[in-house]
Amino acid sequence: MQLTQQLVQLAAEEQQNPLIPPGPELVIGLVTFAIVFFFLGKKLLPNINKVLEERRAAIEGGIEEAEAMKVEAQSVLEQYKAQLAEARHEAARLRQEAQEQGATLIAEMRAEGQRQREEIVAAGHTQIEADRKAAASALRQDVGKLATELAGKLVGESLEDHARQSRVIDRFLDELEEKAEAAR
């Protein structure tokens, strides 16, 4: 009998599936699972979803902010390029104006120099002509005195009459000038 009892016990033990836990353990496991599931569903899962939603919003906000900054940077770059082009255009215009003003100033200075040169030349010619006339007058007087003295010595009497003396000298010098001009 003992052997039979042992065999019945062995058979009862063999009927029990090792994958299915015993009844009381299964009930305790299910109750514990329900508590953990309820706790995760009510307390932990909303907090996880909230953190994930905040993170998603922060990432999307960061992307939108980055896009806005990119658009703003592009706008600033375009403004900078426009200002740079305008500055280059203005510099070229100023350079052109300076060249034109320089050319005008040079032309004015040349004209002024030419005018001054012509004034100096004209003044020189006037001075030369005045000097020539003064020299001719002085020479005429000296030649007249010498001619009068020489004629007086030749004639043997003094030719002191100034009116006659001037006429004779003038006539003599006029004849000399006519001969000089004819020789030219």
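**Close-up views of a predicted helical chain**

**View 1. Phenylalanine 33 at the surface.** Phenylalanine 33 has a relative accessible area of 56%, so it counts as exposed (over 50%; buried is under 20%, partly exposed lies in between; 1.4 Å probe, protein chains only). The model is predicted: local features need pLDDT of at least 70, side-chain atom pairs count only at pLDDT 80 or more, and totals for chains, interfaces and linings use all residues. Residues are numbered from 1 along each chain as its sequence is written, and side-chain values use heavy atoms, without hydrogens and water.

**View 2. An aromatic pair.** Rings of Phe, Tyr and Trp (its six-membered ring) pair if their centres lie within 6.5 Å; planes under 30 degrees apart are stacked, over 60 edge-to-face, the rest tilted. The count comes to one aromatic pair. Phenylalanine 33 and phenylalanine 37 form this stacked pair, at 6.1 Å centre to centre and 25 degrees between the planes. The two are four residues apart in helix 2, which means about one helical turn separates them. Phenylalanine 37 is exposed too, at 57% relative accessibility.

**View 3. A nonpolar surface patch.** Val36, Phe39, Leu40, Leu44, Leu45, Ile48 and Leu52 form a nonpolar patch, with about 610 Å² of accessible area together. Areas come from the Shrake-Rupley method with a 1.4 Å probe; for residues, only the protein chains shown count as cover. Nonpolar side chains (Val, Leu, Ile, Met, Phe, Trp, Tyr) are joined within 5 Å, like charges within 9 Å. Leucine 45 is partly exposed, at 45%.

Conventions
Patch = residues over 30% accessible without salt bridge, like charges linked within 9 Å, V, L, I, M, F, W, Y side chains within 5 Å. Salt bridge = Lys/Arg side-chain N within 4 Å of Asp/Glu carboxyl O.
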